[in-house]
Amino acid sequence: MKTKLLILLAIFLAFSCQQKSKYSEAMQKVFTEAGDNKTELLKVLKHYQKDSLKLQAATFLIENMLGHSYSKAKLVDTSKNLVPFDVLDYPDYKTMVKAWDSIEKKIGKIDHIRDTIIYDSKVITADYLINNIDLAFKAWQNPWAKNLSFDKFCEYILPYRGSNEPLEDWRTHFVEEYKWLKDSLKDVNDPIEAAVLINSNLKSWFKFDARLYRHPTDLGLAEMMQTKVGRCEDMTNLAAYAMRANGIPVMTDYVTHWPNTGNNHAWNATYDKNGKVVIFMGALNNPGEYKLGNKKAKVYRKSFSIQQNCLSNIKPKYEKVPGWLRSKHYIDVTKEYIKTVDIQPNVKIAIPDSINYGYLAVFNTGKWEATAWGKIKKDENIVCFKNLGTDIVYSGVFYKNDSLIHFNQPFLVDNQGDLHYFVPDTIHQMDYDFYSTTKRAIVKTTDEIRKAHFKPNRTYQLYYWQNGWKLIDEQKAVRDKPLHFEQFPSKALYWLKEKEGKEEERIFSIDTNNELHWW
């Protein structure tokens, strides 16, 4: 009797282990997040039991579904009260900003906050996923997609969403919309020609509109078709929908913050028939026409799959990550765009407790914004950063309590990868005439006097960086006249800005030859 019980126990344990190991750890996490909707995900896996390749595709989507969501957002004041404001109620960006600023003067700063997060795993249906997978495989059969690997198919054709927009069946729409595509191609094996035809059509009805920068939620296809305008992220999603639905692999690449101007940016990329990456801007610039003008500190590529080497996956759970770097769905592709260098800036402060990673921040619209991360070598008091853009001013920072802590003076990374720290010299002071707050073409009047670019009667403030911005002095501008500041530290990093302005002015340095360099 005892022997029989032991045998039964062994069989039970073996069966239990087999049941536990049927699905991967990643899949189990998604099932947990899905809750009652787990049954829908299981239906998809069961549906493809006899089709091994589609089962792999379904597994890819479900295993990497964790965290993907539609984020509803709203505009609120400083007390978190709802601000009823629709950016499209105004005829243009300038009018919208004027109205926005007028409201802020009355109630304080308006901000975007997430109102509701609807996780895909909790709401996605088996029918939706099965339709998405079947149509993606059908698109993969197009002749221009024949050289695309299964891995790239999974990443750049198969996904059902682009960012945090609502879930919609865009594949069915764009398959029907471009059913003429194959018959219109001169070379049916050329994915670039196919991409150009689709993007040219998108350009005919969808436009960029800066008003959408202050729209709180990513647009879905239905809203894009209604408004016919969007910001760069909406444009990249639209191109991805239209092209992926027709078997053209589309990536979305982005910079979190430009290092030599304000804002951020996203654009598209695809592969030519030889596997070379070609960039374009959805609904604006076709492949072969698009160029990126600004300097690039880091370039990232969105992925649907969870990237195991992202910081959020390798850091300790207790350590917080700033801003966009919290994502687990990006690949560093900086080397595909520019020459890069690795650097190891020195740490001049005590490293805060429980901090293992440092960041490089660039100056963007009045603030230092983290755009790259690196591992701290505590025994050497350095932070190791890889694959960075050059001829850019960075500041090394730690992130703690939702704030950036600067661990040294800002520095220029030159084209050879050497670091030049901006250390203020308070002994050897200087005087200087300033003609603008950012880089401008030199304009002279008829009597050959250089013209200044300041708003008359507005007050301008000159700062230098020493563990924070230190005010040197402020002056009121006179039309066409330079601003003259005296006896301020040399060899520093400076910022000349309009008092109570929008802080879009650029930082700069002044070399030993009295030449000003904008950064």
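Student: Before we dig in, what counts as a pocket here?
Tutor: A pocket is an open set of grid points with protein on both sides within 12 Å along at least five of seven lines. Keep in mind that this is a predicted model.

Student: Got it. How much space lies in the second largest pocket?
Tutor: The second largest pocket holds about 500 Å³.

Student: And which residues are closest to its centre?
Tutor: Lys439, Arg440, Leu516, His517 and Trp518 are the closest, out of 22 residues that line this pocket. Two elements give two or more residues to the lining: strand E18 (425-434) and strand E24 (516-518).

Student: Now cavities. How many are there of 30 Å³ or more?
Tutor: The count comes to one. The largest cavity has a volume of about 50 Å³.

Student: What lines the largest cavity?
Tutor: Its lining is made up of Tyr128, Asn131, Asn132, Tyr160, Glu168, Asp169, Trp170 and Arg171. By class, that gives three nonpolar, two polar and three charged residues.

Student: Which helices supply at least two residues each?
Tutor: Helix H7 (126-140) and helix H9 (170-177) do. H7 gives the most to the lining, with three residues.

Student: Switching to charges: how many salt bridges does the structure hold?
Tutor: There are 23 salt bridges. One of them joins the side chains of aspartate 218 and arginine 231, at 2.1 Å from N to O. Aspartate 218 sits in the loop between strand E3 (207-208) and helix H12 (221-227), while arginine 231 is in the loop between strand E4 (229-230) and helix H13 (232-244), 13 residues apart.

Student: Are those two buried or exposed?
Tutor: Aspartate 218 and arginine 231 are both buried.

Student: Which residues are linked with them in a network?
Tutor: Glu233, Asp234 and Lys302 are linked with Asp218 and Arg231 in a network of salt bridges.

Student: Nice. What about lysine 455, which residue does its side chain meet in a salt bridge?
Tutor: Lysine 455 meets glutamate 498, at 3.2 Å from N to O. The pair links distant parts of the chain, 43 residues apart: lysine 455 is in the loop between E18 and strand E19 (459-465), and glutamate 498 is in strand E22 (494-498).

Student: Why is glutamate 498 called buried?
Tutor: Because its relative accessible area is 10%, and buried means under 20%. Lysine 455, with 43%, is partly exposed.

Student: Why does tyrosine 213 count as partly exposed?
Tutor: Because its relative accessibility is 32%, and partly exposed lies between the 20% limit for buried and the 50% limit for exposed.

How values were computed:
Residues numbered from 1 in each chain as written. Predicted model: local features only at pLDDT ≥ 70, side-chain atom pairs only at ≥ 80, totals over all residues. Heavy atoms only, no water. 1 Å grid on protein atoms, 1.4 Å probe; cavity = no way out; pocket = protein on both sides within 12 Å on 5 of 7 lines; lining within 4 Å. Points joined across faces, edges and corners; volume = space filled by probe spheres on them. Helix = DSSP H or I, 4+ residues; strand = E, 2+ residues; numbered from the N terminus. Nonpolar A, V, L, I, M, F, W, Y, C, P; charged D, E, K, R; others polar. Salt bridge = Lys/Arg side-chain N within 4 Å of Asp/Glu carboxyl O. Buried < 20%, exposed > 50% of the residue type's maximum accessible area, 1.4 Å probe, protein only.
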